Amino acid sequence: MEGLRHTLGVVGAGTMGGQIAYQAALHGFEVHLVSRREERLQSACASSSALLRRRVEKGKLSAEACEATLTRVTTSTDFDALSGMSTIIETVAEDRNVKRDVYARISEHADEDAIIGTNSSTLGSSLLEDAVSRPERFLNIHFFNPALLMTLVEVVPGPHTSEAAVKHAMEFARAIGKTPVRLAREEYGFIANRILFIAIQEAMHLVEGGYISMSDCDLAVRNALGWPMGPFELSDLVGLDVVEAILDEGARQTGDTRWVPLPLLHDRVARGELGKKTGSGFFSAS
Ligand code: CAA
C-alpha cells in the first residue's frame, strides 16, 4: 500500500469535528474543515485554538508548535475543499437523511482513492453505504469526546469495506496520535459505548428507584470504579440529547429493553436541559 498522505478532510464542525481536525493538525496533517455554516466553523476553530493555547500556557506545547498547528487547519463552506484529501471523516448530525445528503456531496468531490470514515456512534456504515460512491472505501472511524484528549478510536468495517481501507484507517488513527482498535464486524454501540451506555442506564435505574442521588452515584462510580467522571456528569458532557439518541437507537436496533431511556433522562431532554452545552442537564453548569 502506498504511504499514508497526511491530509484530512473533516465534514461537520461540531464538538467532535472541530477537535478531530485540530488533533490531526497537531500531528502535522494538512486539514480542511468543512461545514455548511460559517459560524460553526468559526466557533469550532475558536474553541480548539483556546484549548491548544492553554496547553502552551501550561508548558505542555511549544508556542511554535501551537501556531503551526493552527495554520494547518483551513475552513470552508464548500465541499470542493475535500478534493486532494487522503482521508475524510464525516461528523455531522446522527440523522440518516442528513448524512445521506452529505455523502452525496462528499462523493462529488472526494478523490477516487480517499477513505471515508463516519464518526457515527449509532449508525454502522452498512446502514449508509448505498449513499457513498465507493462503499469499499467506507467504514466507521469512531472518536470519543473530547477528541483532543480521548485516545481511543474504534475502526469498524462493514461487509462492503475493503481490507486496504481498514488498514488505512488504522494507520491514519495512529498517525494522529490515537490508539485504534479494530472490530471484526459491526455491532450496535461498538465496544466502548456498548459497555458505557448500559452502565449509564444502570445508574439511571438506581436513581429512579430512589436508591441513591445522582451526585452520590457519581461519587460511588468515581471512587469504586475509577471513572474520571461519574455517569451523570459524563452524560452532561456528552449531551443528554446525544445520550437519549444513542439509547433510543440502541433499543430500535437491538430490540433489547435495557436500552430504553428512562423518564429521568427523557424529561430533561424534553425541557431542553441538554447538559453542559445548555448550562443545565443532570447538574447545573457552575
Ligand atoms: N474538551 C477538550 N479538552 C478538555 C475538555 C473538553 N470538553 N474538558 C477538559 N479538557 C482539558 C482541559 O483543558 C485540561 O487540559 P490541559 O491539562 O491541557 O489544560 C484537561 O482536559 C484536564 O481538564 P480538567 O483538569 O479540567 O478536568 P479532568 O482532569 O476531569 O479531565 C476529562 C477532563 C479529560 C474530560 C476527564 O474528566 C475525562 O476523561 N472524562 C471522561 C470522558 C469520557 O469518558 N469520554 C467518553 C464519552 S462517550 C463518547 O464520546 C462516545 C460517543 O459516541 C458519544
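This is a predicted model: local features need pLDDT of at least 70, side-chain atom pairs count only at pLDDT 80 or more; totals for chains, interfaces and linings use all residues.
Trainee: Which residues are closest to the ligand, and how many surround it?

Mentor: The ligand is surrounded by 22 residues, and the closest are Arg54, Lys58, Lys60, Asn145 and Asn193. By class, that shell holds 12 nonpolar, 5 polar and 5 charged residues.

Trainee: How much of the ligand does the protein bury?

Mentor: Taken alone, the ligand exposes 1000 Å², and 71% of that is buried by the protein. Helix H2 (38-57), helix H6 (192-208) and helix H8 (231-238) are the elements that give two or more residues to the shell.

Trainee: Let's turn to H6. Why is H6 called roughly perpendicular to H9?

Mentor: H6 and helix H9 (residues 240-254) pack at about 105 degrees, with axes 11 Å apart. Angles from 65 to 115 degrees count as roughly perpendicular, so H6 is roughly perpendicular to H9.

Trainee: Which residues meet there?

Mentor: From H6 come Asn193, Phe197, Gln201 and Met204, and from H9 come Val243, Ile246 and Leu247. This contact of H6 with H9 has 5 nonpolar, 2 polar and no charged residues.

Trainee: What is the angle between H6 and H10, and what is it called?

Mentor: H6 and helix H10 (residues 263-270) pack at about 95 degrees, their axes 9 Å apart. With 65 to 115 degrees as the range, H6 is therefore roughly perpendicular to H10. Met204, Val207 and Glu208 of H6 touch Pro263, Leu264 and Leu265 of H10. That contact divides into 5 nonpolar, no polar and 1 charged residue.

Trainee: How do you know that the peptide bond from Asn145 to Pro146 is cis?

Mentor: Its omega is near 0 degrees, and the bond is cis. Pro146 sits in the loop between strand E6 (138-142) and strand E7 (152-156).

Trainee: And what makes Phe190 worth a look?

Mentor: Most residues other than glycine have a negative phi. Phe190 has a positive phi, near 55 degrees. Its place is the loop between strand E8 (179-182) and H6.

How values were computed:
Residues are numbered from 1 along each chain as its sequence is written. Side-chain values use heavy atoms; hydrogens and water are left out. A residue is near a molecule or strand if one of its heavy atoms lies within 4 Å of it. Accessible areas come from the Shrake-Rupley method with a 1.4 Å probe; for residues, only the protein chains shown count as cover. Helices (H or I, at least four residues) and strands (E, at least two) are DSSP runs, numbered from the N terminus. Ala, Val, Leu, Ile, Met, Phe, Trp, Tyr, Cys and Pro count as nonpolar, Asp, Glu, Lys and Arg as charged, and the others, Gly among them, as polar. Axes are lines fitted to C-alpha atoms, for helices over the stretch in contact, and angles run from 0 to 180 degrees between N-to-C directions. Angles under 35 degrees count as roughly parallel, over 145 as roughly antiparallel, 65 to 115 as roughly perpendicular and the rest as oblique. Contact means heavy atoms within 4.5 Å.
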